[in-house]
Amino acid sequence: MDFNDLLEHAPKNIHIFDGLLKARAMLERHRKIAVSVSGGSDSDTIMDLLELVKPEACELVYVFFDTGLEFDATKRHLDELESKYGVTIKRRRAKKTVAAACRDYGVPFISKDASEMMSRLQRHGFDWNDAPENATVDKYGRCKSALDWYFDCRPLSISGKSKYSIRRHKLLREFIQANAPGFAVSDKCCDYAKKQTAADFQKEFKADLIVNGMRRAEGGRRAGSVQTCFTPSKGCKPDNYRPLWFWTDDDKAAYKEWRGLRYSDCYEVWGLTRTGCVGCPCNSKAEQELEIVEQYEPQLAKAARNVFGASYDFKRRYADYKNENKGRHPNV
Ligand code: SF4
């Protein structure tokens, strides 16, 4: 089917229509394109979209970054995608796996932003019960943004909200003051297992366009750092394109139906709504998900509990604390 026929047969959906047009233009304008494949539903959608619109002379390279805590179901699904589209998905092992990074630097807790801030404070020997007027940069060194996060005095955004305030997590400061974390908190696993591994791949492949599956609807720190579906190159960095940036869950469902996609067993059989690192503590439903994983890949569930156990315990205590203090604080 030629491209114009394809557009004619596409669902009458603005994001899908626009996605087809833009994806085609992106592939035509770039020479070397690296596509990050995770085996999740967003990445399946992107892969199908790109294979559908790709012009003949176009070098597309698919790459999967294995963090060391990946579902076997995801890996099986990558094999299925390779046969379906007749492509190769390069597998890259993490520079440092999640387990090794957590052992060496600490474990994520609740969100990547909170993990980063708590980690910085721990590294500077912060006293969680210190008063704001005593917690100066002179006393704790260069961790001003972490101190501002903890004392909730980060600058407000235009909308009047403090972007990554500790107040996003109800009573977190009060809880930490009463229960200092007895383990190292860190978001370094993301740096080593994902960002640095991807950077090393880019050094080698030298793509002029990188495609990934970020969506605005995801929210979170990652989505908060970009504004739109395309970021032009800066210096020696490549262009970045996020084909699903504006897509909603309904758009994805409409595309799935149109194209008859089948996601991995994690979605289609087990009923999960996300994939990625098994049991990541930044996922609010990590422990519920692990109960499902237990039934299908028990060894992996056990590994996740070994790596993240301290964080899960701390989060359970935090949930209890919030319940006990319901109504005693104005923001709960
Ligand atoms: S997604 Fe979670 S577990 Fe995986 S690397 Fe990032 S913070 Fe670590």
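## Helix H6

In helix H6, the residues Asp113, Ala114, Ser115, Glu116, Met117, Met118, Ser119 and Leu121 are buried. Buried means under 20% relative accessible area, exposed means over 50%, and partly exposed lies in between (1.4 Å probe, protein chains only). Helices here are DSSP runs of H or I with at least four residues, strands are E runs of at least two, and both are numbered from the N terminus.

This is a predicted model: local features need pLDDT of at least 70, side-chain atom pairs count only at pLDDT 80 or more, and totals for chains, interfaces and linings use all residues. Residues are numbered from 1 along each chain as its sequence is written, and side-chain values use heavy atoms, with hydrogens and water left out.

H6 covers residues 112–123. Its 12 residues should span 16 Å at 1.5 Å a residue, and the end C-alpha atoms are 16 Å apart, which agrees. The expected span is 1.5 Å times one less than the number of residues. Gly125 follows H6 and has a positive phi, near 65°.

## Helix H3

Helix H3 (residues 41–53) has 13 residues.

H3 is largely enclosed by the rest of the structure, because 12 of its 13 residues are buried. The buried set includes charged residues such as Asp42, Asp44, Asp48 and Glu51. Ile46, Met47, Leu49, Leu50 and Val53 are also among the buried residues of H3.

## Domains

The domain assignment gives domain 1 as 3–99 + 188–263 and domain 2 as 106–187. These bounds come from an automatic or database domain assignment. The centres of the two domains, taken over C-alpha atoms, are 33 Å apart.

## Ligand shell and cysteines

The residues around the ligand are Val98, Pro108, Lys112, Cys189, Cys190, Lys194, Cys277, Cys280 and Phe308. A residue counts as near if one of its heavy atoms lies within 4 Å of the molecule. Helix H10 (residues 188–205) gives the most to this shell, with 3 residues. By class, the shell has 7 nonpolar, no polar and 2 charged residues. Nonpolar covers Ala, Val, Leu, Ile, Met, Phe, Trp, Tyr, Cys and Pro; charged covers Asp, Glu, Lys and Arg; the others, Gly among them, are polar. Cys280 counts as buried, at 15% relative accessibility.

A search of the whole structure finds 0 disulfides (pairs of cysteine sulfur atoms within 2.5 Å). Cys102 is in no disulfide; the nearest cysteine sulfur belongs to Cys189, 4.3 Å away. Cys102 counts as buried, at 6% relative accessibility.

## Salt bridges

The whole structure holds 31 salt bridges. Each is a side-chain nitrogen of Lys or Arg within 4 Å of a carboxyl oxygen of Asp or Glu. Helix H2 (residues 14–29) carries Lys22 and Asp18, 4 residues apart and so separated by about one helical turn. Their side chains meet in a salt bridge at 2.9 Å, N to O. Lys22 is partly exposed at 30% relative accessibility, and Asp18 is partly exposed at 29%. Glu28 and Arg24 form another bridge, with the closest N and O atoms 3.1 Å apart. This pair is also 4 residues apart in H2, about one helical turn.

Asp152 and Arg167 meet in a salt bridge at 3.8 Å, N to O. The pair links distant parts of the chain: both residues sit in the loop between helix H8 (144–150) and helix H9 (172–178), 15 residues apart. Asp152 is partly exposed at 31% relative accessibility; Arg167 is partly exposed at 28%. Elsewhere, Glu287, Glu294, Arg305, Asp313 and Arg316 are linked in a network of salt bridges.

## Loop residues

Most residues other than glycine have a negative phi. Leu171 has a positive phi of about 60° although it is not a glycine. Leu171 lies in the loop between H8 and H9 and is buried, at 0% relative accessibility. Lys206 also has a positive phi, about 55°, and is not a glycine. Lys206 lies in the loop between H10 and strand S4 (209–211) and is exposed, at 56% relative accessibility.

Trp128 lies in the loop between H6 and helix H7 (137–140). Trp128 is buried, with a relative accessible area of 8%. Trp128 and Phe71 are 57 residues apart in sequence and 37 Å apart in space, C-alpha to C-alpha.
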